[in-house]
Amino acid sequence: MWGSPGLLLTLALHPALAVAPARDYCVLGAGPAGLQMAYFLQRAGRDYTVLERAPGPGSFFARYPRHRKLISINKRYTGRSNAEFNLRHDWNSLLSHDPRLLFKHYSAAYFPDAGDMQRYLGDFAGRLGLRVQYNTTVLHVALDKDRRAWNGHYFVLTDHKGRVYRCRVLLVATGLSVPNRVDFPGSEHLEGYESVSVDPEDFVGQNVLILGRGNAAFETAENILGVTNFIHMLSRSRVRLSWATHYVGDLRAINNGLLDTYQLKSLDGLLESDLTDLAILKDREGKFHVTLKFFVEEAGTNQSADAVTLPQDDSDNFAMRVAYDRVIRCLGWNFDFSIFNESLRLSSGSEFSRKYPLIRASYEAKGSRGLFVLGTASHSVDYRKSAGGFIHGFRYTVRAVHRLLEQRHHGVAWPATQHPITQLTSSVLRRVNEASGLYQMFGVLADVILVQENATAFEYLEEFPTQMLAQLESLTGRRARHGLFVVHMEYGRNFSGPEKDVFFYDRSVGHTEDAWQSNFLHPVIYYYRHLPTEQEVRFRPAQWPLPRPTAIHHIVEDFLTDWTAPVGHVLPLRRFLENCLGTDLRSFYAASRAAHRGVIADDHAHLEDHAHLAAPAPSSLQG
């Protein structure tokens, strides 16, 4: 049957079995991450396709957030003309060569409407001519072993019409789309964030209980705050304020009206309890009551509110003794594992891996070589640490993945610029003062400076994943044989956390000798004589983002995030670099500052002489 005539007969009878030739790259999903990767693949001239189930890109934003206001800032004015610097404060634009495709041209609102994002993504895909196949719902993804394939197998994708697609590398950018649910007695009575009414009129005069403690929960509360009798919010954890944690996924100020009404005693309130210990009961009038699961299990099959013990029966001041008209579930989202064959090993079954796929710091799946996870679904790498789950972060992690693929499959080394060693100080200063990728993906992406033989020159690599540092040579195609610097952005180690007082008096550090105690985001430069080993990366000191270096230098925090002060920033940095390399970088420093500031070199040399007396040399290893 499967000889040549039989094969033709079978394909004629079953056209859905016809398999298109294998592509190099398949991108699953045409949201922001998928389109960003498509852009890089297209610019590199690679063979790729994007498969999208909806009729257009960015379908998530057609429905979410439910109340339409994004919490990603659209800061159109910074007083600066540097495009890279301005991206630090533009949380919505994707990376491209086309200045028309900056989000500031699509909305004047500081917190834009979700519809503007969908319109922007449509233009991004259309103007750049990205190869997206819409109305294609992939239902199953499996592996086909083949030693001739790049990674020892092909990825086989089957869509809703039975069409089959094969690719050598699979880039999954489907986001988090499955509502997170908690199973407890009465959970069938809950309304989900994904379907609950957004019309405040539907909540007039009602008692509302919201399960959850994130932005979706507070966004829902904000919408109905003025019409309800009261809103109670219940979650197992305390509220995390983004300004305290420095994590943009925690509660943002734009949504925190309920905190005011709670603390100012206007009937609304926040409560903490493990949801799995509770139960929701419905009474004869359709009202809902909160009780303990233990009481429901004691009552057996009769689970009506009139038959089951309520906590207030034993404790008459039980906080949730009132009846509720609505109970709304706002518990976040999980990755959709349902379409992926178990052979891909994307989930281990643990609680965290039910939310995110199992991936490495390189964003490659731990169980399937050649499968990379992009965008929001890749946030496990920096969850609650950096911005990798959001556009202003993952636009840079997607670029990093593309650079890894270019080296692995096409022999294109990680981009690098080469400079004489006399330009080292200025190169570091330019990046820490302008670079958006370092700034937004603090603690995750870092610049790497590879010192050349005899410290006469260096190569500068931008935005490399720090946790892959031990594998830098194989991943980038670059050599690190004569020492290296890693340029990193960090907050103070004790300055971020849900219980931190980030407004304490004297929180700012201003003296260069105390730079290692800086609290706000600031540059930290690590120096290694040799490339760290895998073991050194894995067993680095607790709370250290990188292995213990040969030497380390903190550039003191700056209120304006402008690290150009000759005495406070530039001179201590130059001295640190000189101490590490055993060379003098002064001649370039004087000339460059003269060119930059428009003053003569002699004046800077004079200033430098005074600074030499005023500022002590940094120690070789600080805090």
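Let me begin with the buried residues of helix α5, namely N215, A217, F218, E219, T220, A221 and I224; buried means under 20% relative accessible area, exposed over 50%, and partly exposed in between, with a 1.4 Å probe and protein chains only. Helices (H or I, at least four residues) and strands (E, at least two) are DSSP runs numbered from the N terminus. The model is a predicted one, in which local features need pLDDT of at least 70 and side-chain atom pairs pLDDT 80 or more, while totals for chains, interfaces and linings use all residues. Residues are numbered from 1 along each chain as its sequence is written, and side-chain values use heavy atoms, without hydrogens or water.

Seven of the 10 residues of α5, which spans 215-224, are buried, so the helix is largely enclosed by the rest of the structure. Its buried residues are covered by elements including β9 (207-211), β10 (230-235) and β14 (326-329).

I turn now to salt bridges, defined as a Lys or Arg side-chain nitrogen within 4 Å of an Asp or Glu carboxyl oxygen. The structure holds 23 of them. One joins R213 and E272 at 3.0 Å, N to O. This pair links distant parts of the chain, with R213 in the loop between β9 and α5 and E272 in strand β11, 59 residues apart. R213 is buried at 8% relative accessibility, whereas E272 is partly exposed at 43%.

Another salt bridge joins R384 and D250 at 2.3 Å, N to O. R384 lies in the loop between β16 (371-373) and α10 (391-410), and D250 in the loop between α6 (242-245) and α7, so the pair ties together parts 134 residues apart in sequence.

Definitions and conventions. Contact = heavy atoms within 4.5 Å.
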